[in-house]
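Please read this briefing next to the sequence and the model. The points are grouped by topic.

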Amino acid sequence: MSFWKIFLAVLMAYVIYGAFNIAHGAIGFAEKGVAARIIFFHVPCAVYSSVAYLVATWYAVKHLWLLGGPNKSVEALEDSDFKSATAMELGFLFCILATITGSIFAGVQWGSFWNWDPRETSIVIMLLLYASYMLLRTAFTSDTAKRARLSAVYAVIAVIPSIYLIWVVPRVLHTMHPTTTLSNPADTSLSYKLVLYPSFLAFTLLFIWLMQLRVSSSKLLEARKKRRLREMEAQR
């Protein structure tokens with residue numbers, strides 16, 4: 001195991017421990033600031049639910065660029081497709097986690113687990129965008145080249161509404177979400193910051209690790225599938 005993966009395990013354990021035993025509350029939160037503890041997990045998940053889409057779009061653009069280039073390397077095309085699809089899958093995962101943790105926070109802070117706040121509504125639409133992408137891929141399991149091409153086109157086109165939902169809608173419409181907790185240093189104590197900032201690093205490393213694991217497994221499964229097809233053709 002790489003050193004940074006051991007570091008990730010220790011860092012994540014520290015964040016979990018620190019959320020309940022190190023960090024004090026933050027200003028403007030229910031239960032004397034105790035509700036602010038969910039921020040250590042909710043905000044990084046929400047951030048990476050959008051970062052994952054940008055990563056997916058980057059590899060989708062790379063895939064389409066390779067398709068239009070003179071040298072169409074099969075390995076490069078598969079690599080960009082696997083990475084784009086993996087980022088989409090992780091975005092969907094982090095979107096679900098952000099929705100769950102956000103619902104827990106809403107129940108404590110606002111007395112209702114769901115309020116159709118603009119940010120809550122936008123994350124539901126993001127979930128639908130992710131789900132639609134994965135349904136699209138399941139429709140072309142036999143034609144992997146067509147699946148990769150259409151998936152890349154979808155990712156590039158859908159990035160426009162996703163950015164609008166993430167960055168524009170919550171800032172134009174009134175939201176109940178706290179808006180100064182992370183931007184105003186006076187709203188949080190030093191003990192809170194000692195857990196908050198490491199939590200972002202922990203989730204960043206977690207995202208990278210999950211990307212590596214999923215891409216490796218996708219390539220392995222694809223290689224096994226091709227080998228089985230060659231064996232079946234040889235037996236005919």
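Lys83 is partly exposed, its relative accessible area being 21%; partly exposed is the range between buried (under 20% relative accessible area) and exposed (over 50%), with a 1.4 Å probe and protein chains only. The partner of Lys83 in a salt bridge is Asp79, with the closest N and O atoms 3.2 Å apart; a salt bridge here is a side-chain nitrogen of Lys or Arg within 4 Å of a carboxyl oxygen of Asp or Glu. The model is a predicted one, in which local features need pLDDT of at least 70 and side-chain atom pairs count only at pLDDT 80 or more, while totals for chains, interfaces and linings use all residues. Residues are numbered from 1 along each chain as its sequence is written, and side-chain values use heavy atoms, with hydrogens and water left out.

**Salt bridges**

- The whole structure holds 4 salt bridges.
- Asp79 and Lys83 both belong to helix H3 and sit 4 residues apart, about one turn of the helix.
- Asp79 counts as buried, because its relative accessibility is 14%.
- Asp79 also forms a salt bridge with Lys219, where the closest N and O atoms are 2.7 Å apart.
- Since Asp79 lies in helix H3 and Lys219 in helix H6, this pair ties together parts that are 140 residues apart in sequence.
- Lys219 is partly exposed, with a relative accessible area of 36%.
- Arg214 and Glu89 form another of the salt bridges, with 2.7 Å between the closest N and O atoms.
- Arg214 is in helix H6 and Glu89 in helix H3, so the pair ties together parts that are 125 residues apart in sequence.
- Arg214 counts as partly exposed at 31% relative accessibility, and Glu89 counts as partly exposed at 27%.

**Overall make-up**

- The protein has 6 helices and 0 strands; helices (H or I, at least four residues) and strands (E, at least two) are DSSP runs, numbered from the N terminus.
- Read from the N terminus, the order of elements is α-α-α-α-α-α.
- Of the 236 residues in the protein, 42% are buried.

**How the helices pack**

- The axes of H3 and helix H6 (residues 190-235) come within 9 Å and cross at roughly 130°; axes are lines fitted to C-alpha atoms, for helices over the stretch in contact, and angles run from 0 to 180 degrees between N-to-C directions.
- That angle makes H3 oblique to H6; angles under 35 degrees count as roughly parallel, over 145 as roughly antiparallel, 65 to 115 as roughly perpendicular and the rest as oblique.
- H3 and H6 cross in a right-handed way; a crossing is right-handed if the near helix is turned clockwise from the far one by less than a right angle, and left-handed if anticlockwise.
- Helix H2 (residues 39-68) packs against H3 at an angle of about 160°, and their axes are 7 Å apart.
- H2 and H3 are therefore roughly antiparallel to each other.
- The crossing of H2 and H3 is left-handed.

**Nonpolar surface patch**

- Ile96, Ile100, Ile104 and Val108 make up a nonpolar patch on the surface, with about 310 Å² of accessible area together.
- Patches are made of residues with over 30% relative accessible area and no salt bridge, with like charges joined within 9 Å and nonpolar side chains (Val, Leu, Ile, Met, Phe, Trp, Tyr) within 5 Å.
- Accessible areas come from the Shrake-Rupley method with a 1.4 Å probe, and for residues only the protein chains shown count as cover.
- Ile104 is part of helix H3 (residues 74-109) and is partly exposed, with a relative accessible area of 43%.

**Other residues to look at**

- Trp116 has a positive phi of about 55°, although it is not a glycine.
- Trp116 is placed in the loop between H3 and helix H4 (118-138) and is exposed, with a relative accessible area of 57%.
- Thr204 lies in helix H6 and is partly exposed, its relative accessible area being 25%.
- Thr204 and Leu8 are 196 residues apart along the chain, and their C-alpha atoms are separated by 9.4 Å.
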